[in-house]
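I opened my notebook for a first look at this protein. Here is what I looked up, entry by entry.

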Amino acid sequence: MCKSKKSTTVVQPTRRISTSSSSTTNFPSSSNNTEVPITESKSYIYGDKQWSKTSSSVSSHSSLSSLKQSLPENPHIYPFSEISTATANFSTNRLSTNSFRCYLRDRDVVIFQRKFRRKIDLPEIRDRLALICRSHHSSLVKLLGASVSGGYIYLVYEFVPGGSLSDCLRNRRNPSFTNLSTWSLRMQIASDLAHGLDYVHNSSGSGNGFVHNHIKSSSIIISEENFGAKICHFGTLELCGESVTVGDSSASEKNLKRSGSRGMRFEGTRGYMAPEFQLTGVATQKTDVYAFGVVVLELLSGLEAVRFELEGNDGGYRRVSVVDTAREALKEHGGVRKWVDRRLRDSFPMDVSEKMIRVGLECVAEDPNDRPGMGRVSMEVSKLYLESKEWEEKLGTNIDISVSLAPR
């Protein structure tokens, strides 16, 4: 599953026998037995505060128990005590600041701890979780279920052996090496990502589709089994209260007023944030398309989304983005060959590479209305992937990708 950008070694989880039965229908609260009120109209999970229109109030134990009973068999609603036991009270097998690898009900999983960004009522959590967990695609890391305690939600994803796209592209111990040493392999990854994001936007069971909002090279896993690409964190935006209804003018206005807030504005990552997202903090499918375009340009060039280079002798730095360098490469004669990752050793089809650069740049257009939808993008990338395979077959190249993702 997803690992931190700083970690390239796989953490082996410790098997623990949970004291909670897997068939438990209760959803216990945290150790301080934080109460979450239930009313006839609204009931909220958010920190230790209470909202109630009536005089009745029940513990989160009973409220989350009723939530589980109202859900279908899949996904799992895990008791918080089970999450705590599996992670040794969040003290072992830490992959990053807020993620833990462990065994849960005999499955190898990664648990992400996320804070609620806004108040969410129980029926909303129920509906969103059930819908997201019904989504299945080979390019998505599957969400298995969730647990709630206080102001936090704990998202349980399957563990996928492999490494992040960022680490596969740029090995920090050996900058001259890359796991992705062939053009067709990078095109396969681009195709996987395009189809996965197209599914998120158009075919994942929601009438209007989902928004991902966490597309970046460090949140994409390259499977060690077949080098397929899988997108992490699907469902985080919906389940953590990060999303707003784009058509809701009042919601958009509130986000505009809070655009200077760290909690709203910086939910994206530097280098992947579309211009309009930086202004409003509102994530849309078109902001996903922008981030995808940046990832495509990273794949082609091997460069980071944004880097800082020394400028002059005064110790100053200049900001260099992969988007700007791609635009310059298309303008300059012979610029594409210089710009494409030199570790590919000039072994790539020039016409396809130019078309792929244009696809990436079209996705990062300044005006979101000028960006294509992922349905069109996935078809174009698939076509270019097939052209790359044909080019490879003409060369008679025998590609061997049975290499390790371990650091060198």
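Leaving aside its neighbours within four places in sequence, which residues is leucine 180 in contact with? I took contact to mean heavy atoms within 4.5 Å. I found Leu165, Cys168, Leu169, Leu185, Arg186, Ile189, Phe227, Leu299 and Leu344 touching leucine 180.

A note on the basis: this is a predicted model, where local features need pLDDT of at least 70, side-chain atom pairs count only at pLDDT 80 or more, and totals for chains, interfaces and linings use all residues. Residues are numbered from 1 along each chain as its sequence is written, and side-chain values use heavy atoms, with hydrogens and water left out.

Next I looked up the cores. A nonpolar core is a set of buried (under 20% relative accessible area, 1.4 Å probe, protein chains only) Ala, Val, Leu, Ile, Met, Phe, Trp, Tyr and Cys residues joined through side-chain atoms within 4.5 Å. The largest one has 86 residues, and Leu180, Phe292, Trp339 and Met356 touch the most other members. I also noted a second, separate core of 13 residues, with Phe100, Leu104, Ile111 and Leu144 among them.

Then I turned to the rings. I listed seven aromatic pairs (Phe, Tyr or Trp ring centres within 6.5 Å, using the six-membered ring of Trp). Phenylalanine 90 and tyrosine 154 are stacked (planes under 30 degrees apart), at 5.4 Å centre to centre and 25° between the planes. Both phenylalanine 90 and tyrosine 154 are buried. Phe80, Phe90, Phe100 and Tyr154 make up one aromatic cluster.

Notes
Buried < 20%, exposed > 50% of the residue type's maximum accessible area, 1.4 Å probe, protein only. Phe/Tyr/Trp six-rings, centres within 6.5 Å; stacked < 30°, edge-to-face > 60°.
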